[in-house]
Amino acid sequence: MKCDYCDLLERNQGILFSDNDVVVAVKETALTPGQLTIFTKDHFTILELVPDKVLAHCAVVANKVSIAIFETMGCQGTNIVIENGLSGGQNVPHFALEIIPRRENDNLPLQWLPKQLMDEEMDTAFLMLKEEGDKLVNVGKEEKKKEVVLKSTTEKLITEDGKDNYLLKSLRRRP
Ligand SMILES: [Zn+2]
(Lines give C-alpha, C1' and ligand atoms only; values in the text may rest on other atoms or scores of the structure.)
Protein backbone atom coordinates (compact mmCIF):
# COMPACT_ATOMS: atom_id res chain seq x y z
CA MET A 1 0.00 0.00 0.00
CA LYS A 2 1.22 3.49 -0.84
CA CYS A 3 1.89 6.00 1.92
CA ASP A 4 -0.37 9.07 2.16
CA TYR A 5 2.09 11.39 0.38
CA CYS A 6 2.97 8.98 -2.42
CA ASP A 7 -0.79 8.52 -2.80
CA LEU A 8 -1.42 12.31 -3.04
CA LEU A 9 1.24 12.50 -5.71
CA GLU A 10 -0.16 9.59 -7.67
CA ARG A 11 -3.70 10.99 -7.56
CA ASN A 12 -2.35 14.52 -8.21
CA GLN A 13 -4.49 15.74 -5.33
CA GLY A 14 -3.78 19.17 -3.85
CA ILE A 15 -0.41 19.40 -5.59
CA LEU A 16 0.61 23.03 -6.07
CA PHE A 17 4.06 22.42 -7.47
CA SER A 18 6.49 19.62 -8.16
CA ASP A 19 9.89 19.22 -9.77
CA ASN A 20 12.35 16.31 -10.00
CA ASP A 21 12.95 16.17 -6.24
CA VAL A 22 10.18 17.84 -4.25
CA VAL A 23 6.42 18.27 -4.12
CA VAL A 24 4.45 21.12 -2.50
CA ALA A 25 0.90 20.19 -1.52
CA VAL A 26 -2.17 21.37 0.36
CA LYS A 27 -3.58 18.63 2.59
CA GLU A 28 -7.15 18.09 3.72
CA THR A 29 -6.08 18.32 7.34
CA ALA A 30 -4.03 21.24 8.66
CA LEU A 31 -3.54 23.38 11.75
CA THR A 32 -4.68 26.46 9.87
CA PRO A 33 -5.66 27.43 6.30
CA GLY A 34 -2.65 28.18 4.13
CA GLN A 35 -0.49 25.46 5.68
CA LEU A 36 1.58 23.76 2.98
CA THR A 37 3.41 20.45 3.04
CA ILE A 38 6.68 19.93 1.21
CA PHE A 39 7.70 16.32 0.69
CA THR A 40 10.32 14.51 -1.36
CA LYS A 41 9.21 13.03 -4.66
CA ASP A 42 10.96 9.78 -3.78
CA HIS A 43 9.72 7.87 -0.76
CA PHE A 44 12.27 8.53 2.02
CA THR A 45 10.80 7.55 5.37
CA ILE A 46 12.85 9.82 7.66
CA LEU A 47 15.15 12.84 7.49
CA GLU A 48 18.34 10.77 7.86
CA LEU A 49 17.63 8.94 4.60
CA VAL A 50 17.17 12.03 2.44
CA PRO A 51 20.25 12.68 0.26
CA ASP A 52 22.03 15.99 1.09
CA LYS A 53 21.33 17.46 -2.33
CA VAL A 54 17.59 16.79 -2.08
CA LEU A 55 17.49 18.08 1.50
CA ALA A 56 19.24 21.30 0.47
CA HIS A 57 16.68 21.73 -2.29
CA CYS A 58 13.85 21.14 0.22
CA ALA A 59 15.23 23.99 2.35
CA VAL A 60 15.35 26.36 -0.62
CA VAL A 61 11.79 25.44 -1.64
CA ALA A 62 10.64 25.82 2.00
CA ASN A 63 12.01 29.35 2.04
CA LYS A 64 10.26 30.26 -1.23
CA VAL A 65 7.00 28.71 0.00
CA SER A 66 7.30 30.62 3.27
CA ILE A 67 7.78 33.88 1.33
CA ALA A 68 4.75 33.05 -0.85
CA ILE A 69 2.65 32.41 2.28
CA PHE A 70 3.75 35.76 3.75
CA GLU A 71 2.80 37.55 0.57
CA THR A 72 -0.54 35.87 -0.09
CA MET A 73 -1.94 34.98 3.34
CA GLY A 74 -1.07 38.24 5.11
CA CYS A 75 0.51 36.48 8.07
CA GLN A 76 3.23 37.85 10.37
CA GLY A 77 5.32 34.72 10.72
CA THR A 78 5.70 31.10 9.70
CA ASN A 79 6.76 27.93 11.48
CA ILE A 80 8.73 25.42 9.46
CA VAL A 81 8.35 22.07 11.17
CA ILE A 82 9.84 18.64 10.56
CA GLU A 83 8.29 15.77 12.47
CA ASN A 84 11.08 13.20 12.43
CA GLY A 85 10.34 9.71 13.74
CA LEU A 86 7.36 8.42 15.69
CA SER A 87 8.40 10.16 18.91
CA GLY A 88 8.77 13.38 16.90
CA GLY A 89 5.08 13.20 16.04
CA GLN A 90 5.59 11.86 12.50
CA ASN A 91 2.51 9.94 11.44
CA VAL A 92 3.15 9.56 7.69
CA PRO A 93 6.26 7.45 6.99
CA HIS A 94 7.52 9.88 4.33
CA PHE A 95 9.87 12.82 5.04
CA ALA A 96 8.09 16.18 4.92
CA LEU A 97 8.29 19.80 6.06
CA GLU A 98 5.20 21.68 7.16
CA ILE A 99 5.06 25.41 6.49
CA ILE A 100 2.54 26.94 8.86
CA PRO A 101 1.33 30.54 8.58
CA ARG A 102 1.31 32.36 11.93
CA ARG A 103 -0.59 35.38 13.15
CA GLU A 104 -0.41 37.19 16.45
CA ASN A 105 -2.57 35.48 19.09
CA ASP A 106 -3.60 32.69 16.71
CA ASN A 107 -3.31 30.25 19.62
CA LEU A 108 -1.95 27.43 17.47
CA PRO A 109 -0.49 24.75 19.75
CA LEU A 110 3.10 25.24 18.59
CA GLN A 111 4.59 27.13 21.52
CA TRP A 112 6.67 25.46 24.13
CA LEU A 113 8.16 26.92 27.24
CA PRO A 114 11.85 26.11 27.74
CA LYS A 115 12.63 25.17 31.31
CA GLN A 116 15.83 26.05 33.16
CA LEU A 117 18.12 23.00 33.03
CA MET A 118 20.21 21.88 35.98
CA ASP A 119 23.94 22.46 35.43
CA GLU A 120 24.56 18.72 35.60
CA GLU A 121 21.93 17.93 32.97
CA MET A 122 23.38 20.55 30.65
CA ASP A 123 26.98 19.40 31.15
CA THR A 124 26.11 15.75 30.53
CA ALA A 125 24.20 16.51 27.32
CA PHE A 126 27.00 18.82 26.16
CA LEU A 127 29.69 16.19 26.70
CA MET A 128 27.61 13.50 25.01
CA LEU A 129 27.11 15.65 21.90
CA LYS A 130 30.41 17.54 21.75
CA GLU A 131 32.27 14.78 19.90
CA GLU A 132 29.50 14.64 17.28
CA GLY A 133 29.66 18.42 17.00
CA ASP A 134 33.41 18.23 16.28
CA LYS A 135 32.70 15.89 13.36
CA LEU A 136 30.54 18.57 11.74
CA VAL A 137 33.68 20.59 10.99
CA ASN A 138 34.30 18.26 8.05
CA VAL A 139 30.77 18.32 6.62
CA GLY A 140 30.90 19.31 2.96
CA LYS A 141 34.70 19.08 2.73
CA GLU A 142 34.64 15.55 1.27
CA GLU A 143 32.41 16.72 -1.58
CA LYS A 144 34.75 19.62 -2.35
CA LYS A 145 37.74 17.27 -2.40
CA LYS A 146 35.95 15.04 -4.92
CA GLU A 147 35.28 18.05 -7.17
CA VAL A 148 38.96 19.05 -7.11
CA VAL A 149 40.06 15.51 -8.03
CA LEU A 150 37.52 15.39 -10.84
CA LYS A 151 38.62 18.78 -12.16
CA SER A 152 42.32 17.93 -12.16
CA THR A 153 41.63 14.57 -13.85
CA THR A 154 39.62 16.34 -16.53
CA GLU A 155 42.37 18.94 -17.06
CA LYS A 156 45.00 16.19 -17.29
CA LEU A 157 42.99 14.40 -19.94
CA ILE A 158 42.68 17.58 -21.96
CA THR A 159 46.44 18.23 -21.82
CA GLU A 160 47.34 14.63 -22.60
CA ASP A 161 44.94 14.15 -25.46
CA GLY A 162 44.27 17.64 -26.67
CA LYS A 163 40.80 16.51 -27.59
CA ASP A 164 37.73 14.88 -26.05
CA ASN A 165 37.86 11.17 -25.43
CA TYR A 166 35.37 8.69 -24.04
CA LEU A 167 36.54 9.01 -20.42
CA LEU A 168 36.44 12.78 -20.54
CA LYS A 169 32.94 12.70 -21.97
CA SER A 170 31.76 10.35 -19.26
CA LEU A 171 33.38 12.54 -16.57
CA ARG A 172 31.54 15.55 -17.91
CA ARG A 173 28.27 13.67 -17.74
CA ARG A 174 28.69 13.09 -14.03
CA PRO A 175 26.49 15.38 -11.97
ZN1 LIG B 1 5.70 7.88 0.38
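**Notes on the model**

1. Directly after helix H1, asparagine 12 adopts a positive phi of about 55 degrees. This is a predicted model, in which local features need a pLDDT of at least 70 and side-chain atom pairs count only at pLDDT 80 or more, while totals for chains, interfaces and linings use all residues. Residues are numbered from 1 along each chain as its sequence is written.

2. Helix H1 itself covers residues 4-11, and its buried residues are Tyr5, Leu8 and Leu9; buried is taken here to be 20 or more other C-beta atoms within 10 Å of the residue's own, exposed 12 or fewer, and partly exposed in between, with C-beta atoms placed from the backbone. Seen down the helix axis, the buried residues of H1 fall within an arc of 95 degrees, so they line one face of the helix; the arc is that of the directions from the helix axis to the C-beta atoms. Glu10 and Arg11, on the other side of H1, are exposed. The cover over the buried residues of H1 includes strands E1 (15-18), E2 (22-25), E3 (36-40) and E5 (96-102).

3. For the chain as a whole, the secondary structure amounts to five helices and five strands, where helices (H or I, at least four residues) and strands (E, at least two) are DSSP runs numbered from the N terminus. Read from the N terminus, the order of elements is α-β-β-β-α-β-β-α-α-α. Of the 175 residues of the chain, 15% count as buried. Among contacts in the chain with a separation of 6 or more, 54% come from residues 24 or more positions apart, a contact being two C-beta atoms, placed from the backbone, within 7 Å.

4. The five strands form an open sheet in the order E1-E2-E3-E5-E4, with antiparallel pairing; two strands pair if DSSP finds at least two bridges between them. E1 and strand E4 (77-81) are the edge strands, each pairing on one side only. Neighbouring strands of this sheet are turned by 20 degrees against each other on average, direction ignored; the axes are lines fitted to C-alpha atoms, and angles run from 0 to 180 degrees between N-to-C directions.

5. Within the sheet, E1 and E2 form a hairpin with three residues between them, and their antiparallel pairing extends over three bridges. Serine 18 stands opposite valine 23 in E2, while isoleucine 15 has alanine 25 of E2 as its bridge partner. E2 and E3 run antiparallel and are joined by four bridges, and valine 22 is partnered by threonine 40 in E3.

6. Which residues touch the most other members of the largest nonpolar core? Of its 19 residues, they are Val24, Ile38, Val61, Ala62, Val65 and Ile99; such a core is a set of buried Ala, Val, Leu, Ile, Met, Phe, Trp, Tyr and Cys residues joined through C-beta atoms within 7 Å. H1, E2, E3, helix H2 (52-73) and E5 each give two or more residues to this core, and H2 gives the most, with five residues.

7. Leaving aside neighbours within four places in sequence, isoleucine 99 is in contact with residues including Ile38, Ala62, Val65 and Ile80. Isoleucine 80, which lies in strand E4, counts as partly exposed because it has 14 C-beta neighbours inside 10 Å. The C-alpha atoms of isoleucine 80 and threonine 37 are separated by 9.7 Å, with the two residues 43 apart along the chain.
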